[in-house]
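Let's walk through this model together, with an eye on rings, strands, pockets and a few backbone details.

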Amino acid sequence: MSVTEEFLEIRGCRLRLARAGQGPVLLYLHGANGPNPCSPFFDELATRFEVIAPDHPGFGTSGDAPWMENIGDLAYFYLDVLKALQLEKVRLVGHSMGGWLAAEMAIRATHRLASVTLMSAAGLRVPGHNGVDIFLLPPAELQGRHLYVDATLSATALAELAAPKSPEQLDVLIRNRTSAAQLCWQPRLNNPQLARWLHRIDVPVHLLWGDSDHIIPPEHGRAYQRLMPQARLDFIDKAGHAPQVEKPRETLTAMQSFFEGVSQ
């Protein structure tokens, strides 16, 4: 996949955007671990869509936004991004924290959206199904035991975690973790008000979960569907918190089936 990079000045923040592919616009919002647009999943998406994958403010190589205090601020920020780029009929896709962010955007405004895909999305508090705490667990335990079902992928993640890092790479890792904590620490990975406003989302919604997600358990997907009965819910068999990495083909098949239904 040929990826181009550009920067956009929005609300005093220099936002990095990675772009690839041609076709209908798909905006992908990454999770708390930070951006990673180079993967078979993105390669395949870019054969069907124009994929725009930003680094959130405070993450990756985007600038900081000192005024940004919570996920609601970030949702309004991205609505400003859609307006600045003059994007219409956007397929909005978010993973984990990015899924929560996508939901927060959609309860505020959907006039620039064609659909919303919430993949392993945080955002709701589901008593009895809290999942593991991404901030309290050591990164090695999180990635080695809880991120994937596939032991080979877990071993690869651990090896990448242990590999020597340049000062620039360490700076990005620290920024990612600090920014994630600022947005998600309290209350932990949820907004108590979100559930009461999900009814405002008036575009098609796709809920997509790994059936063995330890971090945001599958019951969260069911909770989202109870609040949005019109939403489609798909589980990816034998996948953990990142089905797009662990089972990219199955994840893409489910997404494409949903998108075909939206376009009819």
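Are Trp 209 and Tyr 224 buried or exposed? Trp 209 is buried, and Tyr 224 is buried as well; here buried means under 20% relative accessible area, exposed over 50%, and partly exposed in between, with a 1.4 Å probe and protein chains only. Before going on, please keep in mind that this is a predicted model, in which local features need pLDDT of at least 70 and side-chain atom pairs count only at pLDDT 80 or more, while totals for chains, interfaces and linings use all residues. Residues are numbered from 1 along each chain as its sequence is written, and side-chain values use heavy atoms, with hydrogens and water left out.

Let's stay with the rings. Rings of Phe, Tyr and Trp (its six-membered ring) pair if their centres lie within 6.5 Å; planes under 30 degrees apart count as stacked, over 60 as edge-to-face, and the rest as tilted. By this rule there are nine aromatic pairs. One of them joins Trp 209 and Tyr 224, a tilted pair with 6.3 Å from centre to centre and 45 degrees between the planes. This pair links distant parts of the chain, 15 residues apart: Trp 209 belongs to strand β7 (residues 205–210) and Tyr 224 to helix α7 (residues 218–227). Helices (H or I, at least four residues) and strands (E, at least two) are DSSP runs, numbered from the N terminus. Phe 258 and Phe 259 have ring centres 5.7 Å apart and planes at 50 degrees, so this pair is tilted. Phe 258 is buried, with a relative accessible area of 6%, and Phe 259 is buried too, at 3%. Elsewhere, Tyr 28, Phe 41 and Phe 42 make up one aromatic cluster.

Now turn to the strands, where two of them pair if DSSP finds at least two bridges between them. Strand β1 (residues 4–10) runs antiparallel to β2, with seven bridges. The two form a hairpin with two residues between them. Ile 10 has Cys 13 in β2 as its bridge partner, and Phe 7 stands opposite Arg 16 in β2. A charge sits over a ring if NZ of Lys or CZ of Arg is within 6 Å of the ring centre and within 35 degrees of the ring normal. The charged end of Arg 108 sits over the ring of Tyr 76 in this way, 4.8 Å from its centre.

Strand β2 (residues 13–20) is mostly covered, with seven of its eight residues buried. Strand β2 also pairs with β4 (residues 50–54), again in the antiparallel sense, over four bridges. In that pairing, Arg 19 stands opposite Ile 52 in β4.

Next, look for open space. On a 1 Å grid over the protein atoms alone, a pocket is an open set of points with protein on both sides within 12 Å along at least five of seven lines, and lining residues have an atom within 4 Å of a point. The largest pocket has a volume of about 1,600 Å³, where the volume is the space filled by probe spheres set on the points, and points are joined across faces, edges and corners. Of its 49 lining residues, Asn 33, Gly 34, Pro 35, Asn 36 and Gln 143 are the closest to the centre. Elements that give two or more residues to this lining include α1 (40–45), β4 and α6 (167–184). The largest share, seven residues, comes from α6.

Finally, a few backbone details. Arg 11, in the loop between β1 and β2, has a positive phi of about 50 degrees although it is not a glycine. Arg 11 is partly exposed, with a relative accessible area of 48%. Lys 238, in the loop between β8 (232–236) and α8, is another residue other than glycine with a positive phi, near 55 degrees. Lys 238 is exposed, with a relative accessible area of 55%. A cis peptide bond, with omega about -5 degrees, joins Gln 186 and Pro 187, and Pro 187 lies in the loop between α6 and β7.

Notes. 1 Å grid on protein atoms, 1.4 Å probe; cavity = no way out; pocket = protein on both sides within 12 Å on 5 of 7 lines; lining within 4 Å.
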